[in-house]
Amino acid sequence: MKKITATIIDSDKKYVVSAESGTVISEIIDKAGVSFAKPCGGLGKCGKCTVKAEGTLSEITAEELRTLSKEQLEKSLRLACCTRALGDVTVTLGENSAVKVKTDGHSVKFRFSPLVRACTVTLAQPDTSNQIDDETNLLTALRTAGVKVDCICTDVLRLLPKYLRSHDMTVTAVICDKTVIALSDEPIIGLAVDIGTTTVAAYFCNLANGEKICVKSGANAQKAYGADVISRIEKTISEEDGLQKLHSAIIGQINVMIDEFCAETNLSYSSIYAAVLTGNTVMQHLAAGIPPENIANAPFIPATLFGNSFFASELGLNIHKNAWIWFPPSCAGYVGGDITSGLLSSGMMDEHELSLFLDIGTNGEMALGNRSAVLTCATAAGPAFEGAHIHMGTAGISGAIDTVTLDGNDIRITTIDDKAPVGICGSGIIDAVAAMLDCGVLDETGRIVDEDELENDAFAPHIIEHDGQNAFLLDKEHNIFITQKDIREIQLAKSAIAAGMRTLLYAIDKSINDVSRIYLAGGFGAHINKKSACRIGLLPNELCDKIITVGNAAGMGAVSALISQSAMRKNMDIRDKATYLELSGNRFFQDEYVMQMMFE
C-alpha cells in the first residue's frame with residue numbers, strides 16, 4: 001500500500017504523520033495524538049468533525065453534501081470521518097480542540113487528613129549494644145511520632161538499608177493508611193481528576209497542606225469515539241480492542257497532564273502518591289478498564305459501584321507505582337461518582353431542608369434529598385446542551401455564541417473571548433430559545449412561526465428557510481441560525497430534565513414548593529442564564545430565585561476526598577443513604593415527559 005504524508009495543524013502546533021493511502025482523515029488525526037471530536041462516533045451523521053483539508057483527497061461523499069453547505073465546501077471544509085487521504089494532505093483543525101473547561105467550584109470545608117501523608121523521623125543509631133533491625137527501627141520511630149502504622153511494603157524494605165545510611169538515619173516516609181509505601185526526598189503530591197463525558201479537569205495538590213498547585217483541563221480524548229456514553233459503550237462491544245482504546249485514551253490524556261505538571265514544577269512522576277478519579281459510572285469503568293457493556297441495556301447493571309481502590313500500575317497511570325488510586329462510589333449505572341462527589345462538595349447532605357442537585361450534561365443526573373436520605377435518577381437528555389445534534393452547535397470554544405438577549409427589537413449576542421461567531425454553545429442555545437419565545441417567533445408547541453403570524457414585524461428578517469423549514473437568524477454577517485430541528489432537540493432535552501425533577505418529587509409525595517434550593521452543577525450549569533432556563537421550562541420558574549450554581553462540584557468533591565479521610569467517609573455515607581429511581585419504565589415520568597415538551 002502506498003504511503004502518504006499528512007500534516008496536521010492544530011492552533012500553533014504542527015504534526016507530521018505517515019499513513020497508508022486511503023486512510024480516513026479522522027484516523028490520521030487520531031494517529032497524530034490530537035484530541036478531536038466526532039460526536040456521532042464517526043458515522044457521518046452530525047457534521048461536527050469539519051476540517052480544512054487540502055491535497056489529494058477522495059471525492060465528496062453524500063454525507064458531506066447533506067451536512068456541509070456550498071460555502072463550506074468552497075472553503076475546502078470536509079468531514080474528517082468521511083474524507084480519505086489518497087496522497088499527501090494538509091489538514092487544519094478548527095474548533096475541535098480549544099474547549100473552555102469549568103474547573104472551579106464551591107465546596108464545603110473538611111478537616112485536612114489525607115489518607116496518604118508523609119512523616120519525617122530520625123531513627124535510633126544502631127550499634128553492637130542496640131542491634132535493632134531497620135524495619136523495626138522505622139516502625140518504632142513513626143509510632144513514637146504518633147503515626148499509626150502497621151507495616152512496610154516490600155519495595156520500601158529493599159531500599160531502606162541503603163537509604164538510611166545515605167541520609168544519616170533520617171527518613172521521610174510516605175504512609176497510605178497504615179502502610180509505609182515509599183521513601184521520599186520530594187514534596188508529596190496528590191491528583192484529583194473529574195472525568196466528564198465531554199471534558200476532563202485534573203487538580204494537582206500538595207498533600208502536606210492540601211493546597212492546589214495547578215489545574216489542567218481539556219476536552220475528553222474519548223470524544224473521538226462519540227459524544228455520549230452509549231456511543232462509547234457500543235465501541236467497547238463492536239470492536240475487539242474497543243475497551244482498551246477508550247481506556248488508553250483517558251489514561252493517556254491524564255498522563256499527558258501529569259507530564260505537563262512535572263515539567264512545570266521540576267518534580268518527578270514518582271512524587272505523585274495518590275489519585276482520586278471521579279466521573280459518571282461509565283467513565284469510571286472506562287478509566288479502570290472494566291467492561292461497561294451491561295450498563296447500556298436493561299436492567300442497566302454496572303460491573304461495580306466502586307468506592308474501592310487500585311494501584312497506579314493496574315491502571316497505567318504514570319505516577320508512583322505504589323500510589324493509592326480511589327474511585328468515589330456510584331449509586332447506579334447512570335448516577336455515578338461525579339454525583340456523589342458533587343453532593344459531597346455542595347453540602348446538600350448536611351442540611352435539614354429538602355434540596356435538589358442537578359448536573360446537566362449528556363445525561364441529566366439529579367438527586368433530591370437532605371441529610372437523612374436522597375433519591376436519585378438520570379434522564380437521557382442527550383448532548384444537545386453541549387452543542388452536539390444542534391446544526392450550528394459547538395462546545396464552549398472561542399467564538400461560540402454564549403449569550404443571546406433581546407434589546408427592544410434587536411437581537412444582541414456575545415461570544416466567548418469576544419471572537420467572531422463560529423457557532424452557538426449550550427448557554428447561548430438556552431438564551432436563544434428564550435428570546436424566540438419572548439419575541440413571538442416561537443409558539444408554545446415549539447414551532448417557528450411564519451412571518452405573517454408575527455405580532456411584531458421587526459423580527460420578520462430573522463425568519464429564514466433551512467431544509468424546507470423555518471429557522472431563526474441570530475447573526476446575519478456570519479450566518480448563524482437556529483433551525484426547527486434544533487428546537488425539537490432542545491424540547492426533548494429540556495423535557496427529560498423537567499420531567500425527571502417532577503418524577504423525583506412525585507415519588508416522595510412532595511411538590512416544587514417544598515424544595516428550598518436547587519444546586520446547579522457542571523460547566524453548563526455555571527454559565528446558563530437562570531431566567532432563560534426557567535423561561536423555556538428547563539428549570540421550575542417557582543425556584544428561579546433559589547438556584548445556586550456550584551461549578552465543578554464533582555471536581556471539588558474529588559479534591560476533598562483526596563485531602564480528607566472524613567470527606568471519603570462522607571462520600572461513602574452519601575452512597576449508603578442514596579436510592580436510585582429507574583425512569584425507563586416509570587409511567588409518571590413518561591406522561592410528564594410529554595407534558596413538559598410544551599413551552600408555557
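This is a predicted model: local features need pLDDT of at least 70, side-chain atom pairs count only at pLDDT 80 or more; totals for chains, interfaces and linings use all residues.
1. Three strands make up an open sheet in the order β23-β24-β25, and the pairing is antiparallel. At the edges sit β23 (463-466) and β25 (480-483), each of which pairs on one side only. Ignoring direction, neighbouring strands here are turned by 45° against each other on average.

2. Zooming in on one of the pairings: β23 and β24 (residues 469-475) run antiparallel and are joined by four bridges. If you want a spot to look at, I463 stands opposite F472 in β24.

3. What lies across β24 and β25? That would be helix α12 (residues 484-507), which runs at about 60° to β25. K485 counts as exposed because its relative accessibility is 52%, and the cut-off is over 50%.

4. Next, the helix pair. Helix α7 (residues 242-265) and helix α8 (residues 281-288) have axes that come within 7 Å and cross at roughly 95°. An angle of 65 to 115 degrees counts as roughly perpendicular, so α7 is described that way relative to α8. On the α7 side the contact involves L243, L246, H247, I250 and I251, which meet L286, A287 and A288 in α8. By residue class that contact has seven nonpolar, one polar and no charged.

5. On to salt bridges, where the total comes to 21. One to inspect is R78 with E64, whose closest N and O atoms are 2.8 Å apart. R78 belongs to strand β5 (residues 77-79) and E64 to helix α2 (residues 62-67), so this pair ties together parts that are 14 residues apart in sequence. Are these two residues buried or exposed? Both R78 and E64 are buried.

6. Another pair is R575 with D576, where the closest N and O atoms are 3.9 Å apart. The cut-off for a salt bridge is within 4 Å, so keep that in mind when reading this pair. D576 has 61% relative accessibility and therefore counts as exposed.

7. Which residues are linked in a network of salt bridges? They are K235, E239, D241 and K245.

Conventions
Residues are numbered from 1 along each chain as its sequence is written. Side-chain values use heavy atoms; hydrogens and water are left out. Two strands pair if DSSP finds at least two bridges between them. Helices (H or I, at least four residues) and strands (E, at least two) are DSSP runs, numbered from the N terminus. Axes are lines fitted to C-alpha atoms, for helices over the stretch in contact, and angles run from 0 to 180 degrees between N-to-C directions. Contact means heavy atoms within 4.5 Å. Angles under 35 degrees count as roughly parallel, over 145 as roughly antiparallel, 65 to 115 as roughly perpendicular and the rest as oblique. Ala, Val, Leu, Ile, Met, Phe, Trp, Tyr, Cys and Pro count as nonpolar, Asp, Glu, Lys and Arg as charged, and the others, Gly among them, as polar. A salt bridge is a side-chain nitrogen of Lys or Arg within 4 Å of a carboxyl oxygen of Asp or Glu. Buried means under 20% relative accessible area, exposed over 50%, partly exposed in between (1.4 Å probe, protein chains only).
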